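Below is a short briefing on selected local features of one chain. Read it with the coordinates open.

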Amino acid sequence: DLYSFCTLLAGTMMSRALLLLAVGVVCEAKTLRWYMLGENIDVNIQFARENRAAMSGFYGCCGGVNVDADGTMTANVADLTNQTVQYHKEGLTYHLIGKVNETGVKNGNVVKAVEQIANLVKTTGAEGIIFDYEPTDNATTEHAQLYANFLAALKKAAGPTIDVGMDVSGWGILDYFSVYAAAGLDIYTSMSTTYYADSALSDTGMYFIGNMTQYFGADHSFFGIGTWDTDPSTCKWDYGWNSTSLQTFMNRYQPQHIDLWRCDIDHYATPSPDMIKTLQAWYQQ
């Protein structure tokens, strides 16, 4: 089946560019990625081996790449490269997570770092980088445009074989979809509006998801879902999902891409086997 075929190809450790050249986009028809603490390599690999049929890759939470107000980029290149290498050995994709300083966005200095960021991603061998920028003030079109300018410049510097993405949501500057769509990013991944079951399945959620698909296209719309654990007390947040509501989400929206935000991101516990089973069934369809 498609899942087994793509897993076999991933295991050959072909470069992403060569893989796309060889098989087109068939192996990217669906993705199922988990936010994990990137530096927890051994634990993450064990989790992957136990649940490999319910994941395609990891996002290296959170903020391993930082851009300061003056446009200076900081990152531990050796650590990020090692993380990428280890996860690739498991046949997983790996995306870095970046953060930018708000003052640097507003004064335009963050754009100075785009070549350095692009070179960093290429050096590590990661599939790409997702930026998590969540300012709580100045929710204006101008602010959104300044952030989009940075993202568009980074995508241009990164080229076609490296993913550049951003977190979107239903608040602040994160829902200026028309502005961000013009940046031409590879990944637009949703946060709180879809993390919570009640929100994702509400009329508001339907409108939000519809707008994502309209502005970004189904290929570039990645829907974040909050996980749940066997023991609810181990979760930092209660996102309200169960197998029935998750299946309803799948049936209603027919997503191509799902990103899992761990409810226990700060202290790993045991994700619900029912959740894993539901995700696996969707991923292998």
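Ser-169 has a relative accessibility of 0%, so this residue counts as buried, the cut-off being under 20%. The model is predicted.

**Ser-169 and its surroundings**
- Ser-169 sits in a loop, with β6 (163–168) on one side and α8 (177–181) on the other.
- Its side chain makes a polar contact with the side chain of Trp-171, at 3.3 Å.
- Leaving aside residues up to four places away in sequence, Ser-169 touches Leu-174, Asp-175, Phe-177, Met-191, Ser-192, Thr-193 and Phe-208.

**Backbone geometry**
- Most residues other than glycine have a negative phi, and most peptide bonds are trans.
- The peptide bond between Cys-61 and Cys-62 is cis, with omega about -15°.
- Cys-62 belongs to strand β2, which covers residues 57–67.
- Asn-138 has a positive phi, near 55°, and is not a glycine.
- This asparagine lies in the loop that links β5 (128–131) to α7 (141–158).
- Asn-138 has a relative accessible area of 35%, so it is partly exposed: the value falls between the 20% and 50% cut-offs.
- Gln-254 is another residue other than glycine with a positive phi, here near 50°.
- Its place is the loop between α12 (243–253) and β9 (257–261).
- Gln-254 reaches 57% relative accessibility and therefore counts as exposed, for which the cut-off is over 50%.

**Helix pair α6 and α7**
- How do α6 and α7 cross? Their axes come within 8 Å and cross at roughly 50°.
- The crossing of α6 past α7 is right-handed.
- On the α6 side, the contact is made by Val-114, Glu-115, Ile-117, Ala-118 and Lys-122.
- On the α7 side, Phe-150, Ala-153, Leu-154, Ala-157 and Ala-158 take part.
- By type, the residues of this contact comprise eight nonpolar and two charged, with no polar ones.
- Helix α6 itself spans residues 114–124.

How values were computed. Residues are numbered from 1 along each chain as its sequence is written. This is a predicted model: local features need pLDDT of at least 70, side-chain atom pairs count only at pLDDT 80 or more; totals for chains, interfaces and linings use all residues. Side-chain values use heavy atoms; hydrogens and water are left out. Helices (H or I, at least four residues) and strands (E, at least two) are DSSP runs, numbered from the N terminus. Buried means under 20% relative accessible area, exposed over 50%, partly exposed in between (1.4 Å probe, protein chains only). A polar contact is a pair of N or O atoms within 3.5 Å; within protein, one must be able to donate a hydrogen and the other to accept it, and residues adjacent in sequence count only if both atoms are side-chain atoms. Contact means heavy atoms within 4.5 Å. Axes are lines fitted to C-alpha atoms, for helices over the stretch in contact, and angles run from 0 to 180 degrees between N-to-C directions. A crossing is left-handed if the near helix is turned anticlockwise from the far one by less than a right angle, and right-handed if clockwise. Ala, Val, Leu, Ile, Met, Phe, Trp, Tyr, Cys and Pro count as nonpolar, Asp, Glu, Lys and Arg as charged, and the others, Gly among them, as polar.
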